[in-house]
Amino acid sequence: MPLAAVAAIVVCLSACRSVTGADPSRVFELTIVPDQVSFNALGTHQLIGKLKNGDGREFPLGNRVWTSANEAVATVSEEGLVTAVANGTATIRLSADVPSTVFALLTATSEITVQLATQMTGPAR
């Protein structure tokens with residue numbers, strides 16, 4: 001699993017005794033697809049948050065918040081649409097709660113790299 005994918009956080013809810021002996025239906029993992037995006041031009045890319053339990057069953061996300069750690073490089077909308085702004089790197093974070101639970105808040109990240117082509121001005125020599 002790529003290092004960026006390690007950002008997927010696994011949470012064991014109150015019915016679990018330990019992760020190794022946990023009921024798979026009560027262990028949840030939040031991931032962002034894709035977990036890495038590279039831009040070579042200004043543009044946008046849609047990120048998708050996925051919530052699955054240990055049995056592989058997918059669940060709808062509850063309340064969610066998308067944020068960018070570096071909005072000078074990449075911004076993200078409330079729906080997970082990333083917009084490249086300038087050269088650099090940014091970490092996009094998704095925080096979401098697990099539906100039908102009271103205290104489970106999960107977080108996942110996606111690494112964004114923007115490397116725009118430089119424009120030459122004047123005649124080439």
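Two strands pair if DSSP finds at least two bridges between them. The exercises below use this cut-off on a predicted model.

**Exercise 1. In which sense do β3 and β11 pair, and over how many bridges?**

Step 1. Count the bridges. There are four between β3 and β11. Pairing needs at least two.
Step 2. Read the direction. The two strands pair in the parallel sense.
Step 3. Pick out one bridge. Val 37 has Ile 112 in β11 as its partner.

**Exercise 2. Trace the partners of β5. Which face of this strand is covered?**

Step 1. Start with β2. Six bridges join it to β5, and the two run antiparallel. Glu 29 has Lys 52 in β5 as its bridge partner.
Step 2. Go on to β6 (residues 58-59). It pairs with β5 in the antiparallel sense over two bridges. Leu 51 stands opposite Phe 59 in β6.
Step 3. Look at the connection. β5 and β6 form a hairpin with four residues between them. In the turn, Gly 56 has a positive phi of about 85°.
Step 4. Recall the rule. Side chains in a regular strand alternate between the two faces of the sheet.
Step 5. Sort the residues of β5 (48-53). Gly 49, Leu 51 and Asn 53 make up the covered face. Ile 48, Lys 50 and Lys 52 make up the uncovered one.

**Exercise 3. Classify the ring pair of Phe 28 and Phe 59. How are the rings arranged?**

Step 1. Search the whole structure. One aromatic pair is found.
Step 2. Take the geometry. The ring centres of Phe 28 and Phe 59 are 5.3 Å apart and the planes meet at 65°. Planes over 60 degrees apart count as edge-to-face, so the pair is edge-to-face.
Step 3. Locate the rings. Phe 28 lies in strand β2 and Phe 59 in strand β6, 31 residues apart.
Step 4. Assign burial. Buried means under 20% relative accessible area. Phe 28 has 7%, so Phe 28 is buried. Phe 59 has 21% and is partly exposed.

**Exercise 4. Which residues touch the most other members of the largest nonpolar core?**

Step 1. The core has 25 residues. Leu 30, Val 82 and Ile 112 touch the most other members.
Step 2. List the suppliers. β2 (27-33), β3 (36-39), β8 (74-76), β9 (81-84), β10 (88-97) and β11 (105-114) each give at least two residues.
Step 3. The chain has zero helices and 11 strands. Of its 125 residues, 33% count as buried.

Note on methods. Residues numbered from 1 in each chain as written. Predicted model: local features only at pLDDT ≥ 70, side-chain atom pairs only at ≥ 80, totals over all residues. Heavy atoms only, no water. Core = buried A, V, L, I, M, F, W, Y, C linked by side-chain atoms within 4.5 Å. Buried < 20%, exposed > 50% of the residue type's maximum accessible area, 1.4 Å probe, protein only. Phe/Tyr/Trp six-rings, centres within 6.5 Å; stacked < 30°, edge-to-face > 60°.
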